[in-house]
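Please read the following report alongside the sequence and the model, which are shown first.

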Amino acid sequence: MEATIVKNDDFQTVGFEIKGKDGKREFYWGITPNSLYYTKSVSLTDEQFASFIRISTQLNELRKFQSRFFSIIQLNESVMALETAFNFQDIVKDIENLEKRLELMINSLK
């Protein structure tokens with residue numbers, strides 16, 4: 001598989017794209033490659049590709065958690081009557097950690 005890393009003028013990673021052997025986009029993060037940014041193509045192993053998919057899946061689930069949680073709460077009148085607050089700080093920290101891990105994985109590709 002081939003991946004393209006996208007960097008801005010300060011050479012910070014701002015995007016990433018993985019294409020399969022058929023040229024179809026399998027995964028992306030941030031800005032897609034275009035002529036306004038610096039790009040670098042690298043080869044990926046199947047194991048590296050699987051790692052990107054795993055982290056992406058975890059991020060998507062965590063990002064949806066809060067809305068799903070409140071959808072369930074609204075269906076339970078006894079919980080709604082409590083008028084309590086909920087702290088999602090652990091979820092926010094998990095999302096931040098996974099985003100950092102994803103960026104480190106991208107930046108470690110040669």
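## Sheet and helix packing

Helix 1 lies across strand 2 (13-19), strand 3 and strand 4, and runs at about 55 degrees to strand 3. This is a predicted model, in which local features need pLDDT of at least 70 and side-chain atom pairs count only at pLDDT 80 or more, while totals for chains, interfaces and linings use all residues. Residues are numbered from 1 along each chain as its sequence is written, and side-chain values use heavy atoms, with hydrogens and water left out. Helices (H or I, at least four residues) and strands (E, at least two) are DSSP runs numbered from the N terminus, and angles, which run from 0 to 180 degrees, are taken between N-to-C directions of axes fitted to C-alpha atoms, for helices over the stretch in contact.

The strands form an open sheet of four, in the order 3-2-1-4 and with antiparallel pairing, where two strands pair if DSSP finds at least two bridges between them. Strand 3 (25-30) and strand 4 (38-43) are the edge strands, each of which pairs on one side only. On average, and with direction ignored, neighbouring strands of this sheet are turned by 15 degrees against each other. The pairings are set out below.

| Strand pair | Sense | Bridges |
|---|---|---|
| Strand 1 (residues 2-7) and strand 4 | antiparallel | six bridges |
| Strand 1 and strand 2 | antiparallel | six bridges |
| Strand 2 and strand 3 | antiparallel | five bridges |

Individual partners can be followed across the sheet: V6 has T39 in strand 4 as its bridge partner, E2 stands opposite K19 in strand 2, and G15 is bridged to G30 in strand 3. Strand 2 is mostly covered, with six of its seven residues buried, where buried means under 20% relative accessible area, exposed over 50%, and partly exposed in between (1.4 Å probe, protein chains only).

Two hairpins contain a residue with positive phi. The hairpin of strand 1 and strand 2 has five residues between the strands, and F11 there takes a positive phi near 60 degrees, a value found here in a residue other than glycine. F11, in the loop between strand 1 and strand 2, counts as exposed at 53% relative accessibility. In the hairpin of strand 2 and strand 3, which has five residues between the strands, G23 takes a positive phi near 85 degrees.

How do the helices pack? Two packed helices are described by the angle between their axes and the distance between the axes. Helix 1 (residues 46-75) packs with helix 3 (residues 89-107) at an angle of about 155 degrees, their axes being 10 Å apart. That makes helix 1 roughly antiparallel to helix 3, a term used for angles over 145 degrees. The residues that meet, with contact meaning heavy atoms within 4.5 Å, include F52, I55, L59 and L62 in helix 1 and I95, L98, L102 and M105 in helix 3. The residues of this contact divide into eleven nonpolar, two polar and four charged, where Ala, Val, Leu, Ile, Met, Phe, Trp, Tyr, Cys and Pro count as nonpolar, Asp, Glu, Lys and Arg as charged, and the others, Gly among them, as polar.

Q48 also belongs to helix 1 and is partly exposed, with a relative accessible area of 29%. Leaving aside neighbours within four places in sequence, Q48 is in contact with S43 and L109. Q48 and I106 are 58 residues apart in sequence, yet 9.9 Å apart in space, C-alpha to C-alpha.

Terms used. Parallel < 35°, antiparallel > 145°, perpendicular 65-115°, else oblique.
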